[in-house]
Amino acid sequence: RLRQEQAELEATDLNQMVDIELPKTNSKAVNLSEDKKLVLSVTKNYEFHVGNTLILSCKDEVKGWPETLPAGDTGDAFFRSCIAPLIKKLLANEKLKEDGELYLRADRGLRYGRVLILMSDVRQAGIHKFGLIAEEES
């Protein structure tokens with residue numbers, strides 16, 4: 001039993017190892033280890049992690065990915081070209097298939113519209129239980 005509890009704690013820690021500056025909120029934190037929730041983290045450099053595992057980096061995935069993603073439609077088009085293969089990878093995840101639930105940790109430096117694009121594409125792929133993770137205010 002101790003080994004199982006230790007494994008659960010380590011799994012929770014892995015979800016927190018990706019360096020992201022989360023937005024702050026006064027809502028109560030979700031216990032991600034309680035049901036071993038699947039967490040997708042997105043860094044300000046458009047790298048996507050599940051737990052501590054890098055599953056996709058836009059600069060490696062998209063030919064011609066710019067050093068700085070432009071604002072507006074041009075940047076959104078680059079972003080959409082990156083998340084298309086991301087959605088396929090997510091849908092192949094057995095835990096996600098089973099739970100149909102995903103939590104998103106998005107760096108506060110990301111454009112709000114791009115986070116919404118990601119959420120919309122995830123929902124259109126059939127993942128309807130979707131939560132956002134923020135940092136509790138002190």
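**The sheet and the aromatic rings beside it**

Modeller: Five strands make an open sheet of mixed pairing, in the order 4-3-2-5-6, where strands are DSSP runs of E with at least two residues and helices runs of H or I with at least four, numbered from the N terminus, and two strands pair if DSSP finds at least two bridges between them. This is a predicted model, in which local features need pLDDT of at least 70 and side-chain atom pairs pLDDT 80 or more, while totals for chains, interfaces and linings use all residues. Residues are numbered from 1 along each chain as its sequence is written, and side-chain values use heavy atoms, without hydrogens and water.

Strand 4 (53-57) and strand 6 (129-132) are the edges, each pairing on one side only. Strands 2 and 3 run antiparallel and are joined by 3 bridges; serine 41 has histidine 49 in strand 3 as its bridge partner.

The whole structure holds 3 aromatic pairs (Phe, Tyr or Trp rings, the six-membered one for Trp, with centres within 6.5 Å; stacked under 30 degrees between planes, edge-to-face over 60, otherwise tilted). One of them, tyrosine 46 with tryptophan 65, is edge-to-face at 5.6 Å and 65°. Because tyrosine 46 lies in the loop between strands 2 and 3 and tryptophan 65 in the loop between helices 2 and 3, this pair ties together parts 19 residues apart in sequence. Both residues are buried (under 20% relative accessible area with a 1.4 Å probe, protein chains only; exposed is over 50%, partly exposed in between). Tryptophan 65 also pairs edge-to-face with phenylalanine 78, at 5.9 Å and 80°. Phenylalanine 78 lies in helix 3, so that pair links parts 13 residues apart in sequence. Tyr46, Trp65, Phe78 and Phe79 form one aromatic cluster.
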